[in-house]
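Reader: I am new to this structure. Please take one part and walk me through it closely, strand by strand.

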Amino acid sequence: MQTIEVISIPVSDQQKSKEFYQKLGFEIITETNMGDGNTWLQLGIPGQATTITLVTWFKKMPPGSLQGMVLRSVDIEKEVADLRVKGISVEDIDNTPWGRFASFSDPDGNGFTLRQG
């Protein structure tokens, strides 16, 4: 194994979620019809190897069930301010001895944490 390539994020509405992740700064890599009414929708942060796909077809992964995804930030105060300007609700920054953290959720309740430290 070399790297984590794709992380599946369970969503209820791919188009609504796509708009949210684009607000976060993700770019579309692939949006392809898979047949059976499913679409492969893969996005990524520019310059990063690991990407995400917005999935609706895994029965054991209901929308909102992903929790604890950590996104690294070099300037968490700026990131939090930028997200709030975009209408994304972000918790206040938590300063700890092991880093600075701020949590938020996507439209389905999938949980993410910004981390600077």
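Author: Start with two terms. Strands are DSSP runs of E with at least two residues, helices are runs of H or I with at least four, and both are numbered from the N terminus. Two strands pair if DSSP finds at least two bridges between them.

This is a predicted model, where local features need pLDDT of at least 70, side-chain atom pairs count only at pLDDT 80 or more, and totals for chains, interfaces and linings use all residues. Residues are numbered from 1 along each chain as its sequence is written, and side-chain values use heavy atoms, leaving out hydrogens and water.

The part to look at is strand β8. It covers residues 111-116 and pairs with β5, residues 69-72, in the parallel sense. Four bridges link β5 and β8.

Arg-100 has Gln-116 as its bridge partner in β8. β7 and β8 form a hairpin, with five residues between them. In that turn, Gly-109 has a positive phi of about 100 degrees.

In a regular strand the side chains alternate between the two faces of the sheet.

Now the setting. The chain has two helices and eight strands. From the N terminus, the order is β-α-β-β-β-β-α-β-β-β. Of its 117 residues, 33% count as buried (under 20% relative accessible area, with a 1.4 Å probe and protein chains only). The C-alpha atoms fill a box of roughly 50 × 35 × 25 Å along the principal axes.

Methods:
Buried < 20%, exposed > 50% of the residue type's maximum accessible area, 1.4 Å probe, protein only.
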